[in-house]
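Here are my notes for a colleague who is new to this entry. Please read them with the model open.

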Amino acid sequence: MEAAGSVRGGATSTVAVVDGAGTVIGWTQAAEELTGYPAADILGRPIGTLLPRDGHDRDGDGDGEREHLPRTGLTEVRRRDGEVVIVRVEAASLTFGDDAGSRQGSWLVSAIPAATELSTGTGALLESLISSFPVAMAIWDRNLRCVWMNEAAEKLSDGYPYYRVGRSLTEVIEGIDTEAVQDAMRKVLADGRPVIDREARWFHRSHERAMSISLFPLEGADGRPLGVRSVALDFSNSKARDHLDLLREASVRLGSTLDVTKTAQELAELAIPVLADHVTVDLPESMLPGEEPLQRPATTEAGIPVFRRAGVASVHDGTPQSSWERQETVFVPPGSPFMEVLHSRRPHFEPVLDTSPGTWLDLDPDRARTVHATGMHSLIVIPLQARGDVLGVATFARTTNPAPFTRDDLQLAEELVTRAALSLDNARRYTRERLTALALQRDLLPHDLCGTGTVEVASRYLPSGTHEGVGGDWYDAIHLPGARIALVVGDVTGHGINAAATMGRLRTAVRTLAYLDLPPDELLTHLDHLIARDARGFEATGATCLYVVHDPQTGRCTMATAGHPPPAIVSPSGDVTFPSLSAGTPIGVGLGTFQSHELYLPAGTLLALYTDGLIETRQADLDTGMARLGDALAREARQSVTLERLCTAVIDSIVGDAPAEDDIALLMARIQA
């Protein structure tokens, strides 16, 4: 466990201990300094005492408090004097006693004021990046008071007095219309929608100044607004306005997709025509999905890096300045600016391109012909670097624009490449983990799912189409003695490799317990106790599960659920029902509160077991989703199709062409005569 005074890279943090009921049981001197509460006045009180009384907080009792404890991220703390402070909170679970389940857990909660974090620890890296941008950035709390700003905002504050740490926008500032800005900020706080490129003008020292201001919501760990982030740029001259447009578009487009080649192409297209007439982005083969980037790109036997063109854009149709199309292998000659950049990790800046004999172009006749044919006269080559890795090179050239590149152009190009490199690395990391998790999950899911002579089964798994990562959904059909069959579907909390691995372990545990021929409620009880005792071995925080056993001799189905939605049952006449099951607690809680429910299902009945990704979306709750599923089943079941095609038709009917917001597992069974 980290020492209390060294959380997050050396920043001093407030530390408190809160028990499972939400009561403060430990308090430090730093906590007293942050909140104004001495230990004697806070110990034994609910943690909700420190939450703002603004209509969003809980009343301080029981479950409402526990909702706040495990959150990690930005939130607000109310000091004893009533002042509200934005802090970053991290919570770590504590366990007392030899048996993890013998006692209710407690939490070690640390908090660092957001303004402090931005100048210490990992925040120092962020500030070092944004301080060099010609963009004024600030953070405002919900009272529209400035709590942090960068160097560009400090420089701007002399003539544009919005920017004063501790100053509220409710104050009257001479010559500035604060009411309009306040209204815009309140609107962002109310609906969470950013305001982009809001123009503001004022006179300072006999000169008119123009600013482009964008406002973005600052959300806490619970998703509620804590304040507003402002980004402002002085575009009093035309070149600054062009750069503003380019940076604004870059902030929207770069990183909007976690796809390596799309991000590379976005970088190329962004710089045309404001910065360059021709842009290429070349990435080593190690950046392709599923490959690891090297400290230096892979090379051929001759020592020449193997690149592929990932992005290219030009002011001319057909990109005549490029000798290679996207996805083609790119030749990088030794002694060229490209190799120089790769080895030095510093930009190559050549305002006037030297095309005379004896230069590197002699070793690259294809590029030399292109340079002379297109009139290329100015060149910038910048390495794409992120987290210590060289990810490729970006090349900017001018042909039609007669002006050579300037140092300002170089700085702008470096800013674009820095943003793109981080987005490329995020895309590469996401793609690598997603492919790994998908491969793991597909390997762990059943490959030979089959029913019995009396029950036909079919399944469909659809991974999430969002950036959340692969989830831990699973399904199974297990043959039991007496021609019986067990149908299982479950969902592990979380996403990524850990969720997929935990899913595989749970599926194995269910199969092992199923072979003991336990009733559904007893099987879930044993599974719950097993996972609760071995909680450290399961990285995810919990799981839901539905377990159904069909007996062909009696025609009865016995089922129990551990926090999972009930199955959909389609009668031979086409009616769809959802049995009312005792919900039970999720697997891993250790309470073992499960009950079996028995139904008689005649021949021709369909059962649909599913995960919540099929029925729950951001726009629809579970009840609405279950109603949609019922309608789809009733409609599609009337068609004379195979069970496999029925699975596909139901998912297509509900999800449509949109990407799935969460993983979907669907297991269907038809009772035969």
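1. The structure holds zero disulfides, a disulfide being a pair of cysteine sulfur atoms within 2.5 Å. Such a link is a covalent bond between the sulfur atoms of two cysteines. C146 is buried at a relative accessible area of 1%. C545 is buried too, at 0%. Here buried means under 20% relative accessible area, exposed means over 50%, and partly exposed lies in between (1.4 Å probe, protein chains only).

2. Basis. This is a predicted model, where local features need pLDDT of at least 70, side-chain atom pairs count only at pLDDT 80 or more, and totals for chains, interfaces and linings use all residues. Residues are numbered from 1 along each chain as its sequence is written, and side-chain values use heavy atoms, with hydrogens and water left out.

3. Salt bridges overall. How many salt bridges does a search of the whole structure find? The search gives 19. The criterion is a side-chain nitrogen of Lys or Arg within 4 Å of a carboxyl oxygen of Asp or Glu. Side chains of opposite charge can pair when their charged atoms come close.

4. E76 and R142. These side chains form a salt bridge, at 2.1 Å from N to O. The pair links distant parts of the chain, 66 residues apart. E76 sits in strand β3 (residues 73-78), while R142 lies in the loop between β6 (136-141) and β7 (146-149). Strands (E, at least two residues) and helices (H or I, at least four) are DSSP runs, numbered from the N terminus. E76 is buried at 4% relative accessibility. R142 is partly exposed at 25%.

5. R398 and D409. Their side chains meet in a salt bridge of 3.4 Å, N to O. R398 belongs to strand β16 (residues 389-398) and D409 to helix α12 (residues 407-444), 11 residues apart. R398 is buried at 5% relative accessible area. D409 is buried at 3%.

6. R635 and E636. This salt bridge is 3.8 Å, N to O. R635 is partly exposed at 36%, whereas E636 is buried at 17%.

7. A network. Salt bridges also link R79, D81, E83, D141 and R145 in a network.

8. Helix α13. The helix has 18 residues, 497-514. Its expected span, 1.5 Å times one less than its number of residues, is 26 Å, and its end C-alpha atoms are 26 Å apart, which agrees. Its buried residues include A499, M503, L506, V510 and L513.
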